[in-house]
Amino acid sequence: MTFGARLDKALTARGSACIGIDPHPALLTQWGLVDDLVSLERFALTCVEAFAPVAAVVKPQSAFFERFGSRGVAVLERTIAEARNAGALVLLDVKRGDIGSTMAAYAQAYLDPASSLAVDALTLSPYLGVGSLDPAFDLAAQHDAGVFTLALTSNKEGPQVQHARLSDGRTVAQSVIDELAERNRDAVPLGSFGVVVGATIGESVAELGELNGPYLVPGIGSQGGTVDDVRRIFGAALPAVLPSVSREVLRAGPDVPALRSAAERVIADFTFLRA
Ligand SMILES: O=c1ccn([C@@H]2O[C@H](COP(=O)(O)O)[C@@H](O)[C@H]2O)c(=O)[nH]1
C-alpha cells in the first residue's frame, strides 16, 4: 500500500494529528532530566509510549538526536522502530536536500527498508531545485514511502525565498507545490508526495487545492498558529491536512497519561478536518 493510502487510512482511523518528538534541552530539564544521552532515550521512549498507540503520525526531530552524535542516532533508530511497532506512521523531520548524486545516498539512508533509519516518510528541502530531490522521490515511490517537501515554512525568514517570483509569475512555493502535484497525479485516495505549509503563514501565496497529497502543518501552539488559522488557510484542502504539534504537547510530560491526554486534545481539536 502506498504511503498516501496508509496515511489516509491512519487519519481516518486515528484522527488528523502528527505529534512531534523534539527532545529540546529545555524540555529535558522541565521533565526533571539532565541533558545527556540516557535522558534523551528516556524522553524519546516515553513519547513513543504515550503517542504511538493513539496518534496517526509521530515526528521525531532528527536534530535533537544528532546533537549527541552516533549514540544519539542509535536512540533515534530505536525510537523509529518502537513507534512503528506500536502502530504509528513515523515521519522523520530531517529536511535533507543536496545535489542528485548525494541525494541518492540520503534517500537510501531513510527510505530503503534495509536501512536501520528507514521511516514511513521524511522531510526534504527543495532549495537546490526540486529536481535535485528526484532520487528521493523515486526511491519513495519504489518502497511505498512518502516525502514532505518544504513549500511555505512556519518561520518568519521563509518568505524571503518562498514568496519570490519566477519569470512566469508563480511564487517559488507555488512551483514546489506544482512539481509535487505532478508526482501525485491520478493517485487515489491521496498521493504520497506532501508539502510543508506552516500554520503561521498568514495568507497563502500559493494555490493549495490541487496537490492531491498531504500537507504537513507545523507552527501550531508554541509558534502562535491556531486551529482557526488552519481552517482559514486550507479551505477545500482541509481533509488532506496533517497538523503537527511538538512543544505544546511535550510540556505535559513526563507523565505518560498526561502526555497522551495532551495528544488526544490535539486530535480532538482537529476532528473537523475529516468530519
Ligand atoms: O516550517 C517548518 C518545518 C518544520 N518545523 C518543525 O516542526 C516542529 C515544530 O515544533 P513546535 O514545538 O510545535 O513549534 C519542529 O521540529 C520544527 O523543526 C517547523 O516548525 N516549521
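Two strands pair if DSSP finds at least two bridges between them; helices (H or I, at least four residues) and strands (E, at least two) are DSSP runs, numbered from the N terminus. This is a predicted model, in which local features need pLDDT of at least 70 and side-chain atom pairs count only at pLDDT 80 or more, while totals for chains, interfaces and linings use all residues. Residues are numbered from 1 along each chain as its sequence is written.

**First stop: strand β8**

Select residues 241-245, which form strand β8. Five of the five residues are buried (20 or more other C-beta atoms, placed from the backbone, within 10 Å of the residue's own), so β8 is largely enclosed by the rest of the structure. In a regular strand the side chains alternate between the two faces of the sheet. Here V241, P243 and V245 lie on one side of β8, with L242 and S244 on the other.

**Second stop: the partners of β8**

Next, select residues 18-21, strand β1, which pairs with β8 in the parallel sense over two bridges. Within this pair, C18 stands opposite S244. Y215 has V241 as its bridge partner.

**Last stop: K95**

Finally, select K95, which is in strand β3 (residues 89-96). An unreviewed UniProt entry lists K95 under "active site"; UniProt positions are given in the numbering used here, feature names are shortened, and annotations may be inferred rather than shown by experiment.

Terms used:
Buried ≥ 20, exposed ≤ 12 C-beta atoms within 10 Å, placed from the backbone.
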